Amino acid sequence: MEQEEYEQFLALMNALIESDRQVDLFEFMLQRIVRRHLDIHLNRHKASEDRYKSAALLVDEIAVLLSSLAGLSSEDPSSVDYAFATGAAEIEPFIGGKLPFKQASVCGLQHIDAALGRVEHAIAPVKKIILQACGKAVVADGIIAPQEAELLRAVADALDCPV
């Protein structure tokens, strides 16, 4: 694709996603994954430099991702707390403290996108523990809901570990 064609494609994809005047998690994640892979394929993706050599440098981002995943697990606050605590227990030894739970008001799509944008610049071992923590949060209740699977897939894709 030429640059102009690619921009038209992106505009059409955005128009389709926004046609109902709301962007749901599935649409957002699909858009992010498609755009990321096309950018790579069309050599428009800047190489990800490994800036974060410690999970402790990404505490807020990890908290947003785990809180978002936990929030998708159930509407029951105790189930959400359990899912978050299960994922947090996986990462807390690497951050040197307790991971803070983030309320839904700071876990919207734009927050998730920003968090993914930063964690993709972590070194491989940090990416691995983030993905493991996210996976633990998703399976904490023994059920993987479609939205949980979508977000986990997007996290894995942003970390170059597609599932």
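One definition before the helices: a crossing is called left-handed when the near helix is turned anticlockwise from the far one by less than a right angle, and right-handed when clockwise. Keep in mind that this is a predicted model.

Let's start with helix packing. Two packed helices are described by the angle between their axes and the distance between the axes. Our pair is α2, residues 25-41, and α7, residues 146-158. Their angle is about 20°. Their axes lie 10 Å apart. Angles under 35 degrees count as roughly parallel, so α2 and α7 are roughly parallel to each other. And the handedness? The crossing of α2 and α7 is left-handed.

Which residues make that contact? From α2 we have Leu25, Phe26, Met29, Arg32, Ile33, Arg36 and His37. On the α7 side they meet Gln147, Glu150, Leu151, Ala154, Asp157 and Ala158. Sort the contact by class and you get seven nonpolar, two polar and four charged residues.

Next, cysteines. A disulfide is a covalent bond between the sulfur atoms of two cysteines. How many disulfides does the model have? The count is zero. The cut-off here is 2.5 Å between sulfur atoms. Take Cys107. The closest cysteine sulfur to its own is in Cys134, 12 Å away, so that is too far for a bond. Now Cys161. Its closest cysteine sulfur is also in Cys134, at 11 Å, again too far for a bond.

Cys161 has a relative accessible area of 29%, which makes it partly exposed.

Last topic: backbone torsions. Arg21 sits in the loop between α1, residues 3-18, and α2. At 78% relative accessibility, Arg21 counts as exposed.

Another case is Asp160, where phi is positive at about 60°. Asp160 lies in the segment after α7. Its relative accessibility is 46%, so Asp160 counts as partly exposed.

To recap. Helices α2 and α7 are roughly parallel, with a left-handed crossing. There are zero disulfides. Over to you for discussion.

Note on methods: Residues are numbered from 1 along each chain as its sequence is written. This is a predicted model: local features need pLDDT of at least 70, side-chain atom pairs count only at pLDDT 80 or more; totals for chains, interfaces and linings use all residues. Side-chain values use heavy atoms; hydrogens and water are left out. Axes are lines fitted to C-alpha atoms, for helices over the stretch in contact, and angles run from 0 to 180 degrees between N-to-C directions. Helices (H or I, at least four residues) and strands (E, at least two) are DSSP runs, numbered from the N terminus. Angles under 35 degrees count as roughly parallel, over 145 as roughly antiparallel, 65 to 115 as roughly perpendicular and the rest as oblique. Contact means heavy atoms within 4.5 Å. Ala, Val, Leu, Ile, Met, Phe, Trp, Tyr, Cys and Pro count as nonpolar, Asp, Glu, Lys and Arg as charged, and the others, Gly among them, as polar. Buried means under 20% relative accessible area, exposed over 50%, partly exposed in between (1.4 Å probe, protein chains only).
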